[in-house]
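Biologist: I'd like to learn how to read a model like this one, feature by feature. Can you walk me through it?

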Amino acid sequence: MLVYAFKRLLHVIPVAIGVSIVCFMLIHIAPGDPLAAILPTDASLELQAQMRSFYGLDQPLPVQYALWAWHALQGDLGTSIATGRPVLAEILSASVNSIILAVAATLIGFTFGSALGFLAGVFRGGWIDRIASGLAMLGVSVPHYWLGMVLVIAFSVSLGWLPSMGGGPGGSDGRSFSWDYIQYLILPAVTMSVIPMGIIARTIRSLVADILSQDFVQALAAKGLMTKHVMRHVIRNAAPTAISVMGLQLGYLLGGSILIETVFSWPGTGFLLNGAIFTRDLPILQGTILVLAMFFVIVNLVVDVLQSAIDPRIQRS
Amino acid sequence: MAAITAEIVPAAPISVPKSPGFWSGVLHRLCRDPVALAALAVLVVIVAVAILAPYIAPYDPTKGSVIRRLKPIGTEGYVLGTDELGRDMLSRLIYGARLSLIMGVVPVPIAFVIGSIIGIIAGYTGGITNTLIMRTVDVFYAFPSVLLAVALSGALGSGLTNALVSLTVVFIPQIARVAESVTTQIRNLDYVDAARASGAPAMTIIRVHVLGNVLGPIFVFATSLISVSMILASGLSFLGLGVRPPDAEWGLMLNTLRTAIYNNPAVAALPGVMIFITSICFNLFSDGLRQAMDVKS
C-alpha cells in the first residue's frame, strides 16, 4: 500500500513540473510584455528596470522558470495588480468558498446519481432504466451555466424563495452553518451537481449491470440469499469505482467552477479567475490556474491511492 | 461405380455474394435506431438553418432599436421577441447557429487529426518516444478541460481564433490518449508482428493494418467530444472569451441577456435552449453511433 502510494507519487512529480511549466508559459503566450502585466501602466522607468531584474525577465526563459518556480514553492505567486494583495492570500480566501460549493455539489450529485444509476442497473431495460438513463443524458448534455440562469429565473425571480447571487448576506466572511448562509449555497450547488450526477449515474448503471451478470451473484442467489443481501454484495463491489469517480468529479468541479461561480457571483476561485481575465490581472490568472491544476493533480493522486486501499486488486494491475 | 469414374467437370465459377462491409453494417444498424436518427435529423436542420441564415432570418441580426427592447415572445413581427438592444431574437438565434456550430464543432476534427497522429505514433513506436509523448500528454490531461480552455483563452485574449485554438489544445491530449491505447493493443497482435517479420515498412503497416482498426474507436470517441465542445465553446463566449459583440453566438447572447432575466426571463433563456438541444442531439447521435459500431452487441 505504502509502496504503491510512493510509486504513484513518483509518477505525479514530473506531471506536476509539467503543469507548472504550462502555467509559467501562460504569461509568455499572452500578447504584450509580461512586465506590463505585472506593473501598473504609469510605473517609472527605474521601477520597470528594477522589476525586470527582480523577476529575472532579462534572463533566458529556463532561468526565469526556475526563479518563478522557486518563488512559487515558497508561496510567493506575485502580487495582484488589481488589489495589490499577495496572489496566494487572494486564492486561499477564495478556495474556501470553492471547496464548500464543490463538496456540496459532489454530495448532492453523488447521492442522486448513485441512486439513479443503481436503480437503472438493477432494472436494466425497464422503464426505471429509461427514465434514469434519460435523466443522466440530460445531466451530461445541459449547459450548466444556462441551467443556473433558469434556476435563478424560477426560484429567485419568479418565486422569490432563494437569493440569486452572492456568497452570503454579508459576503462570504463570517460564514456560518445557518439558513442565512445556506440559502445562498443551494442554487449554485444544485446547478453544479447536475454534471457529476449524470456521469456518476452512467458509471454506476453499467457497473451494477456488469456485477449482476457475474457468476458469484448467481451463486449467491442460487444458494437462496435474499435479494437485499445479494444487493449488499453488489454495492460492496461497486463502491471502489463509485468512490473514485466521485473523487475525480470533485476535482473537476473545483477546477472547472468558473462558469457556475460567474453565474451566481459565488466568491470562489472561479469568480476570482473570471475577474482576473477581465482586468488582465495576469499574476492572479496564472496563480489561480497553477493552484487549481495542482489541486486537481493531488486529488487524482489521493483518489488513486484510496481506491487501491479499498480494492487491493488495483495495485497488481 | 460409374458415377465415381464420371468425367470431372471443371467447377463452375461460384458467385459468392459480396459480404456487406463493416461500414454498411454500421449504417444499417444506425438506420434502425430511431433516437439516433431523430437526433441526426435535428442536427441536419440546425446546420441547414446556419447555412441558409441570410435567406431565412427575417431581420438583420445586428440591427437594434431602442424603442423595441426586450419585447416578449410572440410580439407581432418578432416571434421570439427582441434582446436587450432591440435586435430580433429569431434572427439572432438563426445567425447564432453559425458561430456556435463553428466554435463547437471545428476544434474536434482538428484535434481528431492531430491527436490521432500523435497517439498512433506514440502507440506504434513505443519505448522512449511513447514515454516522452505520453508524459507530455499527461501534463495537459492533468488540467480539468474547463480550466485549461479558460486559462489558454484568458492568456491569449478573446476572439474566435483564440477560442478555437484553446479548445483544440484541450481535446488533442484526450484524443491522443485514446489513440495511443488502441494502437498499443493493435500493435501487439500477431498479424502486425507477421507483417513486420515479412519486412513491411512501418508506414505500410500503419496504413494497411493499424489505421483501419484504430480510426473507428478514435472516431467514436471524437464524436462524443462534440457535445462537450459545444458546451465549452459557448461557455467561453459566455465568459466573454469567445466571439466579441455584436456577433451573434448563443453563449455570448446568453451572457448579454443575463441582465434581462428580471424583465424578460423567457427571452433571456432562449439561447441556452439552443445550446442544450444541439448538445443533446450530438450526444444522442454519438451514443447511437457507438452502439452501431460495437459489433459485439
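Predicted model: local features only at pLDDT ≥ 70, side-chain atom pairs only at ≥ 80, totals over all residues.

Biologist: What is phi of A:Ser265 near?

Modeller: The general idea goes like this: most residues other than glycine have a negative phi, and most peptide bonds are trans. Now the case here: A:Ser265 has a phi near 45°, a positive value in a residue that isn't glycine.

Biologist: And on the peptide bond side, which geometry does the bond from B:Pro245 to B:Pro246 have, cis or trans?

Modeller: That one is cis, with omega near 10°. As for where to look, B:Pro246 belongs to the loop between H11 and helix H12 (250–256) of chain B.

Biologist: Let's turn to helices. How do I read a packed pair?

Modeller: Two packed helices are described by the angle between their axes and the distance between the axes. Take helix H5 (residues 87–122) of chain A and H10(A): their axes come within 9 Å and cross at roughly 145°. The crossing is right-handed.

Biologist: Which residues make the contact of H5(A) and H10(A)?

Modeller: From H5(A), they include A:Ser98, A:Ile99, A:Ala102, A:Gly109 and A:Phe110. H10(A) brings, among them, A:Met246, A:Gln249, A:Leu250 and A:Leu254. By class, this contact has ten nonpolar and five polar residues, and no charged ones.

Biologist: Can you show me a pair in chain B?

Modeller: H8(B) passes H11(B) in a right-handed crossing. On the H8(B) side the contact is made by B:Ser145, B:Val146, B:Ala149 and B:Ser153, and on the H11(B) side by B:Leu232, B:Gly235 and B:Leu236. Sorted by class, those residues are four nonpolar, three polar and no charged.

Biologist: How within reach of each other do the axes of helix H6 (residues 107–125) of chain B and helix H9 (residues 160–187) of chain B come, and at what angle do they cross?

Modeller: The axes of H6(B) and H9(B) come within 6 Å, and the crossing angle is roughly 35°. H6(B) passes H9(B) in a right-handed crossing. The contact of H6(B) with H9(B) has 18 nonpolar, seven polar and three charged residues.

Biologist: What about domains? Where are they in chain A?

Modeller: Chain A is divided into domain 1 (1–74) and domain 2 (91–315). The C-alpha centres of these two domains of chain A lie 32 Å apart. Across the boundary, 17 residues of domain 1 are in contact with 16 residues of domain 2. H1(A) gives the most to the domain 1 side, with twelve residues. That side divides into 15 nonpolar residues, one polar and one charged.

Biologist: Now the two chains. How many residues does each chain give to the contact?

Modeller: In general, the size of an interface is often given as the accessible area lost when the parts come together. Here we have residue counts: 37 from chain A and 36 from chain B. On the chain A side, the elements giving two or more residues include helix H1 (2–29), helix H10 (227–255) and helix H13 (282–310). That side of chain A divides into 30 nonpolar residues, seven polar and no charged.

Biologist: Last one: where does UniProt place "transmembrane region" in chain A?

Modeller: The unreviewed UniProt entry puts that feature at residues 12–30, 99–123, 135–161, 181–201, 241–264 and 284–306 of chain A. Residues 99–123 of chain A are 96% helix and 0% strand, with end C-alpha atoms 35 Å apart. For residues 181–201 of chain A, the span is 100% helix and 0% strand, and the end C-alpha atoms lie 29 Å apart.

Technical notes. Residues numbered from 1 in each chain as written. Chains lettered and ligands numbered in written order. Contact = placed C-beta atoms within 7 Å. Helix = DSSP H or I, 4+ residues; strand = E, 2+ residues; numbered from the N terminus. Nonpolar A, V, L, I, M, F, W, Y, C, P; charged D, E, K, R; others polar. Domains from an automatic or database assignment. Left-handed = near helix turned anticlockwise from the far one by under 90°. UniProt positions renumbered as here; feature names shortened; annotations may be inferred. Axes fitted to C-alpha atoms, helices over the stretch in contact; angles between N-to-C directions.
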